[in-house]
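Subject: Structure handover

Hello,

Here is the structure for your files.

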Amino acid sequence: SVNPSRNVNNTSHCPAIDMGSILPRLKEFCGGMKRFKNNWYELITMYDMTTRRLVYDLDKNYVWVTVPKIASSNWKRLIIADKFKPESIRLVKGLEKPHVILEWCCQLDSSVALNNYALQRAFTFALIRHPWTRLYSAYKDKIVKYKRFKQYDYIREILRIARGWSDQQIQDTGSVKEQAATVTFTEFLMMLANSDTDTYNVHWTPWFILTKACQIKYNYIGYMEDMDAAFTHIKQTVFPDSDVSLPPPYPSKAKQQQVREAYREVPTSLLDAVYRVFEDDFIIGGYSRNIDCIP
């Protein structure tokens, strides 16, 4: 059956997102954790914290745990603009390819963590986003455009799970390429519901998993739904003497009404299955699963 709320447009019943109490909510969710600092060396070497997700600065003493599809490229450009002089070629290159430059200059690996004890008390922050809009944005950007997936690995997996293609069929790159543009949002969700999160691409891995929210002590978690507030808080804490500003966002691939309509076409049973995968994101973020409350 299709989601029964597909024809309901009344959003007066939608609860406001309780952004201010996320850290207490996280503490309760994680069993009343009491941590006073982050042993990054231990987190990286023992808890398998992916170093590509960690951006640090020794002078400003912060660590940003990045999550794809939450304005991460623009935040990286902000950090690059603050770090390099205006005439620097690295600034120019960095604004073009922020991921590459930050991996070169600002990626917190085990060696950096071992030799810089002060980072254990660094201001640590992350940004989160409503799971429904993040998934739709990932579908539009990474599946519809299959950006950077030149081997069509995830298209193959969708065709196998959603359309019943055989192993032999999905190895036929020509046929896979022909079908790539026809993959629907529902089929993308079918892949998520029928795959282990360990096999997910980072662009749709639950942010609860990427941020290791029960292992890392966060000083601040901001919301993409109120990016101005997040920017103001982080700038006052990390860049108080800098004139950096957050670049304008990319044109949104997740228009509110478009996202809602896409989810209304998803069978209720499938939506329930996907919700179970991302339930921690919903609960900790304080988000409603009601598709008519998608911000």
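Strands S2 (residues 62–65) and S3 (residues 123–128) run parallel and are joined by 4 bridges. Strands here are DSSP runs of E with at least two residues, helices are runs of H or I with at least four, and both are numbered from the N terminus. Two strands count as paired if DSSP finds at least two bridges between them.

On provenance: this is a predicted model, in which local features need pLDDT of at least 70, side-chain atom pairs count only at pLDDT 80 or more, and totals for chains, interfaces and linings use all residues. Residues are numbered from 1 along each chain as its sequence is written, and side-chain values use heavy atoms, with hydrogens and water left out.

Sheet

The open sheet has 4 strands in the order S1-S2-S3-S4, with mixed pairing. Its edge strands, S1 (54–57) and S4 (220–223), each pair on one side only. From one strand to the next the twist averages 20°. Helix H1 (residues 22–29) lies across S3 and S4, at about 115° to S4. Contact means heavy atoms within 4.5 Å; axes are lines fitted to C-alpha atoms (for helices, over the stretch in contact), and angles run from 0 to 180 degrees between N-to-C directions.

Disulfides

The whole structure holds 3 disulfides, defined as pairs of cysteine sulfur atoms within 2.5 Å. One of them joins Cys14 to Cys293, S to S 2.0 Å. Cys14 sits in the segment before H1 and Cys293 in the segment after helix H16 (279–285), 279 residues apart. Their link is left-handed, with -90° about the S-S bond.

Cavity and pocket

On a 1 Å grid over the protein atoms alone, a cavity is a set of points where a 1.4 Å probe fits but cannot get out; a pocket is an open set with protein on both sides within 12 Å along at least five of seven lines; lining residues have an atom within 4 Å of a point. Grid points are joined across faces, edges and corners, and a volume is the space filled by probe spheres set on the points.

The search finds 1 cavity of 30 Å³ or more. The largest cavity holds about 40 Å³, and its lining includes Leu26, Trp207 and Ile284. The second largest pocket has a volume of about 290 Å³, with Asp48, Arg53 and Lys212 among its lining residues.

Regards
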